[in-house]
Amino acid sequence: MITFILNNKTIKTPEHSGMTLLDFVRYQQRLTGTKIGCREGDCGACTVLVGTLNANGVIEYQTITSCISPLGNAHGKHIVTVEGTNLKDKLTTSQEAMKANYATQCGFCTPGFVVSLTGFALSNSEKNYSNALDAISGNICRCTGYKAIEKAALQVVEKLENHEVHSLGWLIDHGFIPEYFKSIPQRLLDIEAKNLNQPKGKFVSGGTDLYVQQADHLADNDVHLIAEKDYLKGITINDTICSIGTNATVTDLWNHTELNNLLPNLRKHLKLVSSEQIRNMASFGGNLVNASPIGDMTIFFLALNSDVTIIDENENERTVALKNFYQDYKKFDLNDRELLKEIRFNLPTKQSYFNFEKVCKRTHLDIASVNSAIHIAVNDDHISEVHVSIGGVAAIPKYLHETSKFLRGKDLTVEIIMQANKILQSEISPISDVRGTSDYKRLLARQLFFAHFTTLFPKQFTLNDFVQHA
């Protein structure tokens with residue numbers, strides 16, 4: 001029995017774990033403020049809040065897109081739709097901000113924006129304008145125009161930014177959320193939601209890609225939900241090694257203080273990956289086994305020369321270098337009933353640098369035309385170690401074996417980088433598709449490769465240096 005709290009109501013349902021949370025909310029509970037838009041997690045009209053009790057008994061809220069989230073993942077959680085944010089006799093702070101700034105016309109997208117802004121108020125992120133815009137980066141408006149919505153976000157920020165404490169009590173007192181939120185932590189403890197009995201169906205974690213492709217199939221067939229498996233969670237640092245459980249999300253990386261210190265541009269890079277709602281729910285394991293040639297985090301981990309630990313149902317483990325994991329288009333080294341358990345890589349040093357680049361049609365929540373990453377160690381202008389990856393130019397997420405091998409042991413000069421680009425071009429085989437012609441992708445591959453060096457070594461290289469040698 002799936003058990004959770006939906007707004008202010010405790011739900012116990014025998015419904016199929018694989019149906020989408022959106023369909024349960026709209027069709028079983030008749031909470032139609034949560035809209036059906038794209039059914040791909042792309043527009044944010046179906047945004048809801050998910051509240052999870054942490055180990056300290058404190059509830060943490062995140063936004064997700066309910067159209068690509070399995071109902072079973074709500075088990076033991078607090079799910080909040082736009083109706084669940086309502087106050088009895090007045091607008092909430094987020095609703096009032098949208099109204100006061102004329103930030104709605106047809107109103108179809110408005111509930112999603114309201115929930116996202118409420119999620120921003122409940123989040124642990126710094127309450128500034130930039131983070132408020134991040135919070136609504138996965139919400140699309142078709143008619144109002146974003147300036148009015150951005151002004152509404154600014155009004156919410158102004159209500160928050162001059163106050164250091166934003167506890168549930170403070171947010172209730174200042175009209176951000178209704179009073180019943182205060183009772184939710186204890187009520188979640190009281191329902192004692194035990195682990196669901198899991199059939200031997202398809203493994204599903206966040207479901208953000210599977211539900212785009214197979215939502216109807218997953219709703220009608222057995223699924224084995226693994227998002228709450230503790231042995232697949234967590235980020236640990238031990239000496240020079242970072243280990244990341246495959247149930248971890250981009251948000252987990254975003255919030256990891258030590259990794260942000262070791263990779264100072266980490267949040268800048270991660271901002272290019274999907275939207276806040278998807279970053280909150282999509283697992284790294286799902287990203288890797290999706291095997292998309294343009295998977296952002298796959299390209300990211302390839303450049304870190306990562307290994308993946310694989311576990312079977314008998315708890316036997318084996319380790320594979322990620323650069324050897326992919327065999328052909330959507331084919332990889334994973335047997336039936338095996339799972340990716342962990343991603344492991346050597347941490348950057350003071351002499352090493354990491355960079356990620358991505359070109360797509362819009363800034364947020366878009367698929368790359370070409371993306372690329374590099375991890376390079378340099379001592380006295382001598383390249384001692386380097387790993388380069390690139391996406392969108394081959395049938396698989398591409399680790400550039402020959403390019404990396406050529407650069408290793410060379411001096412860091414324009415001439416060497418130009419020669420490396422020729423090798424790069426021989427390693428890739430882009431095709432023409434909706435994201436660009438093969439020639440365009442080759443051009444992007446070259447420019448992103450050069451961008452790594454102009455970004456990481458701005459005192460040594462400019463783009464003109466490479467143009468003059470072209």
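A: The buried residues of helix α18 are covered by several elements, including the strands β15 (352-359), β16 (370-379) and β17 (382-391) and the helices α16 (401-407), α17 (414-427) and α19 (463-469). The model is predicted, so local features need pLDDT of at least 70 and side-chain atom pairs pLDDT 80 or more, whereas totals for chains, interfaces and linings use all residues. Residues are numbered from 1 along each chain as its sequence is written, and side-chain values use heavy atoms, with hydrogens and water left out.

Helices (H or I, at least four residues) and strands (E, at least two) are DSSP runs numbered from the N terminus. Buried means under 20% relative accessible area, exposed over 50%, and partly exposed in between (1.4 Å probe, protein chains only). Contact means heavy atoms within 4.5 Å.

Helix α18 comprises the 19 residues 438-456. Its expected span, 1.5 Å times one less than its number of residues, is 27 Å, which agrees with the 27 Å between its end C-alpha atoms. Its buried residues are K441, L444, A445, L448, F449, F450, A451, H452, F453 and L456.

I374 is found in strand β16 and counts as buried because its relative accessibility is 0%. Setting aside neighbours within four places in sequence, its contacts include H452, F453 and L456, which are among the buried residues of α18. I374 is also in contact with Y353, F354, N355, V386, H387 and V388, among others. The C-alpha atoms of I374 and V386 are separated by 7.2 Å, although the two residues are 12 residues apart along the chain.

A salt bridge is a side-chain nitrogen of Lys or Arg within 4 Å of a carboxyl oxygen of Asp or Glu, and the whole structure has 13 of them. In one of these, D134 and K271 meet at 3.5 Å, N to O. D134 lies in helix α4 and K271 in the loop between α11 (266-270) and α12 (276-281), so the pair ties together parts 137 residues apart in sequence. D134 is buried, at 5% relative accessibility, whereas K271 is partly exposed, with a relative accessible area of 27%.

K127 is buried yet has no salt bridge, and the nearest side chain of opposite charge, E276, is 9.5 Å away; here Lys and Arg count as positive and Asp and Glu as negative, while His and the chain ends are not counted. The side chain of K127 instead has a polar atom 2.6 Å from the backbone oxygen of S123 and reaches the backbone oxygen of S125 at 2.8 Å. These are polar contacts, that is, pairs of N or O atoms within 3.5 Å; within protein, one must be able to donate a hydrogen and the other to accept it, and residues adjacent in sequence count only if both atoms are side-chain atoms.
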